Amino acid sequence: MSRDVVHDEAATTYRLVAEDGETLSHADYDVEGPVDAPVMVFHHTFTVPHHRGNGYAEKVVRAALDDARARSAQVVATCWFVAGFIRDHPEYADLLA
């Protein structure tokens with residue numbers, strides 16, 4: 001089953017979506033700061049209970065942080081999962097505001 005992370009800017013969320021369209025996991029954020037120096041505040045990560053344990057949340061968060069880097073955004077992790085991911089993956093620590 002193919003799974004892609006999609007960014008829905010209007011809904012301020014990154015979603016891992018299965019081929020059948022089901023959202024398996026998502027990471028929600030808000031944007032603060034000026035347009036030329038955005039700060040993405042990640043406040044919630046969720047994986048559908050029967051899909052937990054498959055690394056889906058990690059895939060979503062990694063894609064979201066890679067996108068934040070590409071956008072030259074800083075990150076605030078108020079979500080425990082995102083904070084733990086950054087702690088465990090120091091290559092993303094430079095994104096922290």
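Which residues are buried in α2? In this predicted model, Val82, Gly84, Phe85 and Ile86 of α2 are buried, where buried means under 20% relative accessible area, exposed over 50%, and partly exposed in between (1.4 Å probe, protein chains only).

## Basis of the values

Residues are numbered from 1 along each chain as its sequence is written. The model is predicted: local features need pLDDT of at least 70, side-chain atom pairs count only at pLDDT 80 or more, totals for chains, interfaces and linings use all residues, and side-chain values use heavy atoms, with hydrogens and water left out.

## Sheet

The sheet is open and is formed by five strands in the order β1-β2-β3-β4-β5, with mixed pairing. Helices (H or I, at least four residues) and strands (E, at least two) are DSSP runs, numbered from the N terminus; two strands pair if DSSP finds at least two bridges between them. β1 (3-8) and β5 (74-77) are the edge strands, each pairing on one side only. From one strand to the next, the twist averages 30 degrees.

α2 packs on the sheet, where it touches β4 and β5, and its direction makes about 120 degrees with that of β5. Axes are lines fitted to C-alpha atoms, for helices over the stretch in contact, and angles run from 0 to 180 degrees between N-to-C directions. The buried residues of α2 pack against β4, α1 and β5.

In soluble globular proteins, nonpolar side chains tend to be buried together.

Leaving aside neighbours within four places in sequence, Phe42 is in contact (heavy atoms within 4.5 Å) with residues including Tyr14, Ala27, Tyr29, Leu65, Val75 and Val82. Asp28 is also one of the contacts of Phe42.

β2 and β3 pair in the antiparallel sense over five bridges. Asp28, in β3, is the bridge partner of Thr13.

The loop between β2 and β3 holds Asp20, which is exposed, with a relative accessible area of 61%. A polar atom of the Asp20 side chain lies 2.9 Å from the backbone nitrogen of Glu22. Asp20 and Arg3 are 17 residues apart along the chain, and their C-alpha atoms are separated by 9.5 Å.

How values were computed. Polar contact = N/O pair within 3.5 Å; in protein donor to acceptor, adjacent residues only side chain to side chain.
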